[in-house]
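Here are some friendly notes to read alongside the model. Take them one point at a time, and find each residue on screen as you go.

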Amino acid sequence: MRKQLCSVLLSAVLLFCSLSMPHAAAMEITAVSAKACVVMEATTREVFFAQNETEQLPMASTTKIMTTLLCLESGDLDTPFRVDDNAIQVEGSSMGLVKGDIVTKRALCYGMMLPSGNDAAGATAVKLAGSYEAFAEQMNQRAEQIGLQHTHFVTPSGLHDEQHYSTAYDMALLTAVALQNADFREICGQTTAKVSFGNPPYERWLKNTNKLLTQCEGVIGVKTGFTDEAGRCLVSACTRNDITLICVTLNDPNDWQTHSNLYDAIFPTLQTKTVSLPENLQIPVVGGTAEQVALQTEGTVTYGSNGTVCDIQFSVQTKPFLFAPVRAEQYGGVLVAKQNGQELFRLPLLTKESVSEKETVTTEKKEKLHIRLWNWFRAWFQKK
């Protein structure tokens, strides 16, 4: 016990000494009390601090970042349904689900991200995939799409399994993707939330286990975790001066302080950079009063840099054309940002204005339809 205490104190001293240095040298932090740690810029994925960041370790309930992301991406978030009674019979933390409860996917996401409900994770897995095993396949497929190279999911909640593991780097990368989802960002940043479920459903308050939301300036999420095998795990995100950093610690007995100290040390060393989005993008329109319509891309994306300029390349993915009539703010495609071949983020491209359908085209379409129908009926009767 005395050796463990000395080790923790030594780590704390090392961290304090490194963070007490002037800002110019603050990036030379030598050690933190976590077994693994990384600080990543959310937009460019640039790493500003790393310690054993690729070591495969259990990540406990930070697993629910993936489970929640998949739930949000599945859509139909507000349709009530009855939970699977077996899926919610799990040990550990809970949002309070009982047999026969009526819930929505959105409520389950709050239940996972705030009180870290293992029951909510189990209900989500069975709702989306039919079983824990099938849902684990979905989790690992999504992990591969994101580029998590050292992660393997087995459980939807993060309860311990020898084959369930990740790395600090992979969890930061997953979080960078999850934060691009507006619903995820909204949910993980709430200290409390009123959620309706039950049989019949009624409103009750859920409280977030993430103390950093109130203890550290600028923190906007994300997720806590703990098991005996994993120790204390924490994924957080913090925004200051239009820069968002993600910090991940795995097996850190001093995680609240580690995250706060790292943010306080790293943010002052960063400069806010902006990258302009491509302009004058257009997509052809078929059968409209205009031959093409502009897509909204004006604006900039901000990121944090310690002096280096990130080379971000943009590509546009759209349909070959849109059929008139076209609505204003209609979906027209996506703008994909990459750096060194790695996808950073996607932004939806929406039409700037509406385009009406040509009256002459409408008449022509009707005439052609009549001709096709007449020819079809004539051929059918000839066969008879």
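1. Start with a charge above a ring: arginine 204 lies over the face of phenylalanine 197, at 3.6 Å from the ring centre. For a charge to sit over a ring, NZ of Lys or CZ of Arg must be within 6 Å of the ring centre and within 35 degrees of the ring normal. Another case is lysine 127, whose charged end is 4.4 Å from the centre of the ring of phenylalanine 81 and sits over that ring.

2. A word on what you are looking at: this is a predicted model, in which local features need pLDDT of at least 70 and side-chain atom pairs count only at pLDDT 80 or more, while totals for chains, interfaces and linings use all residues. Residues are numbered from 1 along each chain as its sequence is written, and side-chain values use heavy atoms, with hydrogens and water left out.

3. Now the cores. What does the largest nonpolar core contain? It has 63 residues, and those with the most contacts inside it are Met66, Leu97, Phe184, Val222, Ile246 and Val248. A nonpolar core here is a set of buried Ala, Val, Leu, Ile, Met, Phe, Trp, Tyr and Cys residues joined through side-chain atoms within 4.5 Å. Buried means under 20% relative accessible area, exposed means over 50%, and partly exposed lies in between (1.4 Å probe, protein chains only). Helix α6 (residues 168–178) gives the most to this core, with eight residues. A second, separate core of 23 residues includes Ile29, Cys238, Cys247 and Leu270.

4. In α6, 10 of the 11 residues are buried, among them Asp170 and Thr175. In helix α3 (residues 105–113), eight of the nine residues are buried, so this helix is largely enclosed by the rest of the structure; Lys105 and Tyr110 are among the buried ones. Helices (H or I, at least four residues) and strands (E, at least two) are DSSP runs, numbered from the N terminus.

5. Is aspartate 255 buried or exposed? At 2% relative accessibility, aspartate 255 counts as buried. You will find aspartate 255 in helix α9 (residues 255–266). Its side chain is joined to that of arginine 232 by a polar contact of 3.1 Å. Such a contact is a pair of N or O atoms within 3.5 Å; within protein, one must be able to donate a hydrogen and the other to accept it, and residues adjacent in sequence count only if both atoms are side-chain atoms.

6. The structure holds two aromatic pairs. The ring centres of tyrosine 263 and phenylalanine 267 are 5.9 Å apart and the planes are at 40 degrees, so this pair is tilted. For phenylalanine 321 and phenylalanine 323 the centres are 5.2 Å apart and the planes are at 85 degrees, so that pair is edge-to-face. Rings of Phe, Tyr and Trp (its six-membered ring) pair if their centres lie within 6.5 Å; planes under 30 degrees apart count as stacked, over 60 as edge-to-face and the rest as tilted. Tyrosine 263 and phenylalanine 267 are both buried, whereas phenylalanine 321 is partly exposed at 36% relative accessibility and phenylalanine 323 is exposed at 54%.

7. Last, trace the open sheet, whose six strands follow the order β14-β16-β17-β12-β11-β15 with mixed pairing. Two strands pair if DSSP finds at least two bridges between them. Strands β11 (residues 282–286) and β12 (residues 292–296) run antiparallel and are joined by three bridges.
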